[in-house]
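Hi everyone, thanks for coming. I'd like to walk you through one spot in this protein and then through the helices around it.

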Amino acid sequence: MTDWTDPDTFTQALEQAETKAKGNCFEDFEEGQVIDHDPGLTLTRHGNEAWMSQTLNHDPAYWRQDAAEARGFEEPPVHPDYLTAATLGITVEDLSEKGGYFLGRTDVRFPTDAVYTGTELHVESEVVNKASSSSRPNYGIVSWRTRGKDAETGEVLCSYERTNMIPRRKPLETDGGAVENADEEEDEGLPAEFINPDGGYFEDFVEALEEAAGRDAAVAYRHERGRSQDDVTVAYLPLSTLNTAKQHHNLDVMADSPSGDIVTYGDVTRSTALGHARSDEQTYREVGFDDETFHTFVTPGDTVYAFTRVLDAEDSVEETSTGSRTSSENDGDVAGTVRFEHIAFNQNDEPVYSGIRTAKICKRGN
């Protein structure tokens, strides 16, 4: 009788067996196609607090009942970073498990005022664009509009558009030429002076911007905290959001990859940098994110730091693609809208993430 566990015999069995592949290739997507992602995910307090604690997002409104009620919430809500990561994580098996570079994400919005633990998240994605890459014939470029919904009510809780390189089954025949780049704007160089706001309230950002106006200056500063990547951030957090991408947990496969190691889920890198930034401001509500880019790999042992540039501040209700988004009619009395550019960087001062964030920041005395 054949001993299938004999090492030589088993090696032959592996060579003869066909692998049941996971994920989809570029050819499997069609513009206009809508994909319902299964399974869904129930947003739990444990999952929410694990994400927040490990990414240093310590806003008390997301932890304590009294602080939540003071902010206008019924109870500590689901943090927007955890909601975003869970929405994307559920899509990975259908959209990007085959691998390929995460090229960016934009128009990240939260149409509802708050999402609470116990909500069952259902996610769907629509293919909004497909394109070839003459510079990378083994890949194509796909963009999806993804919506995370309350499974019970159908209400959209989180939405965004993301773009990935996706492997092809058959390489594209090209002449080997690279895609021509559009003319780039001339680099004007850095301003002569960086201004650091005196505090983290809305008025502090307004005053710093006014100080910089008309001068060769920018409101820009770095945050002291850093978070080194470990087994929890690299493997546990993405797997807890059903992110099945092998890049985050399969050392065997990733040993021969360009990174040479497993890599941190982009939303962990992003959330960690945002956690550093939020620790130096008085955040009231998150409004949305645009033009998010992941610049290079973050691997175990790397440390994620953050740098912030304040773009503008406006004492008005923020309008988004989903319409006016306020928690109450007196939002303008307690908070103003600030736009930031956040850049996450590693211990070698290399940018690893950048994005534009719009948030409501508390006014003094509130």
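Which residues does Thr 241 touch, once we set aside its neighbours within four places in sequence? The contacts are Leu 41, Trp 51, Tyr 82, Ala 85, Ala 86, Gly 89, Ile 90 and Tyr 265. Please keep in mind that this is a predicted model.

So is Thr 241 buried or exposed? Its relative accessible area is 0%, and the cut-off for buried is under 20%, so Thr 241 counts as buried. In the chain, Thr 241 sits in the loop that runs between helix H6, residues 231-240, and helix H7, residues 251-254. Its side chain also reaches back to the backbone oxygen of Pro 238, at 2.8 Å.

Now to H6 itself. Within the helix, Thr 233, Val 234, Ala 235, Leu 237 and Pro 238 are buried. Their cover includes helix H2 (45-54), strand E7 (217-228) and helix H8 (266-278). After H6 comes Leu 242, with a positive phi near 70°.

Last stop: H8 and its partner H4, residues 80-95. These two pack at an angle of about 175°, and their axes are 10 Å apart. They are therefore roughly antiparallel to each other. On the H4 side we have Asp 81, Thr 84, Ala 85 and Leu 88, which meet Asp 267, Arg 270, Ser 271, Leu 274 and Arg 278 of H8. Sorted by class, that contact has three nonpolar, two polar and four charged residues.

Definitions and conventions
Residues numbered from 1 in each chain as written. Predicted model: local features only at pLDDT ≥ 70, side-chain atom pairs only at ≥ 80, totals over all residues. Heavy atoms only, no water. Helix = DSSP H or I, 4+ residues; strand = E, 2+ residues; numbered from the N terminus. Buried < 20%, exposed > 50% of the residue type's maximum accessible area, 1.4 Å probe, protein only. Polar contact = N/O pair within 3.5 Å; in protein donor to acceptor, adjacent residues only side chain to side chain. Contact = heavy atoms within 4.5 Å. Axes fitted to C-alpha atoms, helices over the stretch in contact; angles between N-to-C directions. Parallel < 35°, antiparallel > 145°, perpendicular 65-115°, else oblique. Nonpolar A, V, L, I, M, F, W, Y, C, P; charged D, E, K, R; others polar.
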